Amino acid sequence: MLTEDDVKNALKAVKYPGYSRDILSFGLVKQVAVNDGAGSVSMQLTASNPEVAPQIKAESERVLHALPGVNRVHVEVNQQGGAQPAARTQSPWSNQHKVPGLRRIVAVASGKGGVGKSTLSVNLACALNHLGKRVGLLDCDIYGPSIPLMMGINQRPTISAEEKMVPPANYGVKLMSMGFLLEGDQPVIWRGPMIVKTIQQFIGAVEWGELDFLLVDLPPGTGDAQLTLCQTVPLDGGVIVTTPQEASLGVVRKGIAMFQKVNVPILGIVENMSYYTTPSGQRVEIFGHGGGRAEAQRQNASFLGEVPIFTEIREAGDRGVPVVVAAPQQPPGQAFIKIAEALNQRLT
Ligand SMILES: Nc1ncnc2c1ncn2[C@@H]1O[C@H](COP(=O)(O)OP(=O)(O)OP(=O)(O)O)[C@@H](O)[C@H]1O
Ligand SMILES: [Mg+2]
């Protein structure tokens, strides 16, 4: 006799086109029913690429027809255009209990390395704190956790009476980082399940207390590792960082596609390294300018703001005193505070 579990198990063999993850683990399968040798499956996806749905449908039908005891198969793939706001209700976490105490969990991601994700995460966290919000920061970068340095935090978490990890804090921002668990400069060779377990503990076994925002700094890239993280953490939305040049905008598209795959709404795009002003006041658009805003428009996503290149931003990061803390009224600090305001508005 064909069971619902048979159908679900069979669907694990269907990979999301272009990924090594299967459609079940992406949470696309919404309903499965079986009756007397007939199997019916309903799926929901938000991908913008119109080729994805028919591919998934055909492949699902193929694996289901191959099951013993199946005489009829019905696969329905509902495709939603656009990433927002309807996608909100589709979050794979929408039926789950929110983490008590954490009002908003927002990821900062980018397809490319070195575009300023960690710089944005750190300054955004401090800027939200500057706006009176209670903020935590979760550094999920397993390969190069840089946030403890940028936040000037070198003590490790302590353990509470309830055996939870108590995150160290600085500038009013609580921090958990993979860096706290690594020994010195040892490279990390972790397998996926270990990463997922650790991140789950970062959410569940850490005494975050009451937070208005928990920001999550994702490692560079939009591959399986990042997707898994997006599914492990019950995200309310994602912010994508890019630099202005065309070469980096592919990043935005990949970032958007990644969030769509796990039904996480895109809260907006930030353009970093927008331009540079020389000491004599001349504006130089090193990587071009405006690509982030244009792409946001094209993607029907919010543009949250731009951050010019300031030597102070880099120096502050190296010193462990983010610009937003060191000089909130100066242009570099103000750039991040404006983005924090835009993000906060987007979520209220
Ligand atoms: N607007 C800016 N002005 C000046 N320097 C910047 C700016 N944004 C980032 N930087 C510097 O660029 C470097 C890379 O930034 P950062 O580490 O934040 O990028 P990332 O995207 O997190 O990198 P990774 O992909 O390695 O995690 C850092 O030295 C940072 O100080
Ligand atoms: Mg980083």
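In the predicted model, ligand 1 is surrounded by 18 residues, of which Gly114, Lys117, Ser118, Thr119 and Asn272 are the closest. A polar backbone atom of Val115 is placed 3.2 Å from an oxygen atom of ligand 1, and an oxygen atom of the ligand lies 2.9 Å from a backbone N or O atom of Gly116. The side chain of Asn272 contributes an N or O atom at 2.9 Å from a nitrogen atom of ligand 1. On its own, ligand 1 has 630 Å² of accessible area, and the protein covers 79% of it.

Helix α4 spans residues 117–130, and its axis comes within 8 Å of that of helix α12, residues 331–346. The two axes cross at roughly 75°, which means that α4 is roughly perpendicular to α12. On the α4 side, the contact is formed by Thr119, Leu120, Asn123, Leu124, Ala127, Leu128 and His130. These residues meet Phe336, Ile337, Ile339, Ala340, Leu343 and Asn344 of α12. The residues of this contact comprise 9 nonpolar and 4 polar ones, with no charged residue.

How values were computed
Residues are numbered from 1 along each chain as its sequence is written. Chains are lettered from A and ligands numbered from 1 in the order in which they are written. This is a predicted model: local features need pLDDT of at least 70, side-chain atom pairs count only at pLDDT 80 or more; totals for chains, interfaces and linings use all residues. Side-chain values use heavy atoms; hydrogens and water are left out. Axes are lines fitted to C-alpha atoms, for helices over the stretch in contact, and angles run from 0 to 180 degrees between N-to-C directions. Helices (H or I, at least four residues) and strands (E, at least two) are DSSP runs, numbered from the N terminus. Angles under 35 degrees count as roughly parallel, over 145 as roughly antiparallel, 65 to 115 as roughly perpendicular and the rest as oblique. Contact means heavy atoms within 4.5 Å. Ala, Val, Leu, Ile, Met, Phe, Trp, Tyr, Cys and Pro count as nonpolar, Asp, Glu, Lys and Arg as charged, and the others, Gly among them, as polar. A residue is near a molecule or strand if one of its heavy atoms lies within 4 Å of it. A polar contact is a pair of N or O atoms within 3.5 Å; within protein, one must be able to donate a hydrogen and the other to accept it, and residues adjacent in sequence count only if both atoms are side-chain atoms. Accessible areas come from the Shrake-Rupley method with a 1.4 Å probe; for residues, only the protein chains shown count as cover.
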